[in-house]
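Thanks for coming. I will take a few minutes to walk through one structure, part by part. Please have the sequence and the model in view as I go.

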Amino acid sequence: MPVRAAALLVLLAVLAGCVAAGPEPVRLTVLADRELADLEPLLADLRRETGVELALEYVDDPETELVSGDYRHDLAWPVTDRFLHLRAKAQGRGNALPTSTTVMSSPLVVGVRPGAAAKLRAAAGGAEPSWADVADRAAAGELRFGMTDPSGSGSGLAALVGVATAAAGTGGALTKEQVSCVALGGFLAGQVLQPRSSADLIAQFTARQAEVDAVVEHESTLLALNASGRLREPLEIIYPRDGMMLSRFPLILLDPAKREGYQRAVGWLQGEHAQRWIMDNTARRAADPGLDRPQRLRAPIGNALYFPDRQEVLDALLAAYRRLTSGAVHQVVFVLDYSASMAGPRVERLRAAFRALSGTGTGGFARFHVGETITVLRFAGTVLQRHEVTVTSQSDVDALAGVLAAPADGRGTAIWSALEQGYLAVRGDASVVLMTDGENNAGITAAQFLGAGARPVPTYAIALGEADPVELGEVARATGGRVVETSEAALEAAVREIRGCR
């Protein structure tokens, strides 16, 4: 064989060997959220085209293992890496986070059965409902929903953060001081399903779809449920107009020695082919917002709500959640001055505040809710009336209007005797709200009230008119409460602030 031909054959053999070898195979172990099992077909393509095998180990809550540091994996693929950020910040190493790449995203939304969605939109005046509208209908007992337990689920915690952040209404990240049991109490009054995982939530909702109105979950999960054929009628997706939490499903490099394989994988996953496959087959949104989306993913999501930047905020949220879902009935005892000096604008302000909290004004997050016990004591020189109801429907709340409609014309002002009677009405988890515009001139004195022993719950005093702020403050502080400042325009806000769990 001529030398030139032999050399050519050798060269071709070398080139063929190079092509056959392909990219160097790499196997990376991945701690992954169970929701990502739907990516398996795409990951087979990734391995075939790049040589990188992502071996996913599925768990319900990878964030817990990531935060604890108890893992043995090369990569992690949770719903969010926000908890890693919080841990790093708490440990003073905010710039020492592992490499993280967003592969896709999905907002936390509300899937609602069509009949309930129509009522929700009607209550919102035809606009896209807000979290406040959802909370209002839940508080009234007219919207029953499922949501995963936020103490063990990233999607449940993101939903709780979203509701609390929307309730704060500041447009910024939630603070510990803004965590409101009043806002969360009304919303959570409608929660009837609270499993630990998204898969269990969908299974429970499917089994009880005739009696449960809605599901709070990722857009992708709800769109997949609609397409599954498991529902009697598809859910309508509500994108709350006051903002949503956005989960970004980051792929995180845990072992720096595996960086080359990691970069190969994320480069391919962020390519157009993989991104379109993700949108078409998982209903999650592409990492690149400029990529054309399928019709079902074109709904605008507005500005994503901020996630808290301090662990103490999440701790306060979870503490409030546990308390509000413990099964204990929360009671608010209102001790209201109906002496003659309250007649006119003062008593009308009091009635207006109650109307706003009764769903006949601007209910939203603040309204009285199903399961809440409301006790009203009207007093002048003696207790004039005691009315108590544990709310089961709007009619129970409406009955309060009749109690408050009584004239303010009583003689004398027995503040501390009335407050003593208020405490006799307390049962368990409660708070006492005292409203008066005068000084005590009947019944027992403040000293006698304080000398009768420790009080089991706090008193929050609202001073109207000429009420003695010093004496009110002394009694309020002794019970663990305080005097709440209120201007002529802020009585409703003051009552809302002090109602709820402490």
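**A walk through the model**

Let me begin at one pairing: glycine 146 stands opposite valine 215 in E8. Before going on, the ground rules. Residues are numbered from 1 along each chain as its sequence is written, and side-chain values use heavy atoms, with hydrogens and water left out. This is a predicted model, where local features need pLDDT of at least 70 and side-chain atom pairs count only at pLDDT 80 or more, while totals for chains, interfaces and linings use all residues.

Some terms. Helices (H or I, at least four residues) and strands (E, at least two) are DSSP runs, numbered from the N terminus. Two strands pair if DSSP finds at least two bridges between them.

Back to E8. Strand E6, residues 145-146, is joined to E8 by two bridges, and the two run parallel. On another pairing, strand E5, residues 104-112, meets E8 in the antiparallel sense over five bridges. There, glycine 111 has valine 215 of E8 as its bridge partner. Is strand E8 buried or exposed? Five of the five residues of E8, residues 214-218, are buried, so the strand is largely enclosed by the rest of the structure. Buried here means under 20% relative accessible area, exposed means over 50%, and partly exposed lies in between, using a 1.4 Å probe and protein chains only.

Now to an open sheet. Five strands form it in the order E2-E1-E3-E11-E4, with mixed pairing. Its edge strands are E2 (52-59) and E4 (100-102), each of which pairs on one side only. From one strand to the next, the twist averages 25 degrees. Within this sheet, E1 (residues 26-33) and E3 (residues 75-77) are parallel and share three bridges.

Helix H2, residues 40-50, lies across E2 and E3 and runs at about 155 degrees to E2. Helix H11, residues 259-269, lies across E1, E2, E3, E4 and strand E11 (250-253), at about 165 degrees to E11. For these angles, axes are lines fitted to C-alpha atoms, for helices over the stretch in contact, and angles run from 0 to 180 degrees between N-to-C directions.

Which residues does aspartate 45 contact, leaving aside its neighbours within four places in sequence? They are Trp268 and His273, where contact means heavy atoms within 4.5 Å. Aspartate 45 is found in H2, and it counts as buried because its relative accessibility is 16%.

Alanine 139 lies in helix H6, residues 131-139. Its relative accessible area is 1%, so alanine 139 is buried. Sequence neighbours within four places aside, alanine 139 is in contact with Gly186, Ala189, Arg367, Phe368, His369 and Val370. The C-alpha atoms of alanine 139 and leucine 42 are separated by 43 Å, and the two residues are 97 apart along the chain.

Next, backbone angles. Most residues other than glycine have a negative phi. Phenylalanine 249 is not a glycine, yet has a positive phi of about 45 degrees. It sits in the loop between strand E10 (246-247) and E11, and is buried at a relative accessible area of 0%. Alanine 283 also has a positive phi, near 65 degrees. Its place is the loop between H12 and strand E12 (285-286), and at 1% relative accessibility it counts as buried.

Last, a pocket. On a 1 Å grid over the protein atoms alone, a cavity is a set of points where a 1.4 Å probe fits but cannot get out, and a pocket is an open set with protein on both sides within 12 Å along at least five of seven lines; lining residues have an atom within 4 Å of a point.

How many residues line the second largest pocket? There are 29, and Glu35, Ser198, Ala199, Thr221 and Arg284 lie nearest its centre. Helices H7 (154-168), H9 (198-207), H10 (219-227) and H12 (272-282) are the elements giving two or more residues to that lining. H10 provides the largest share, five residues. That is where I will stop.
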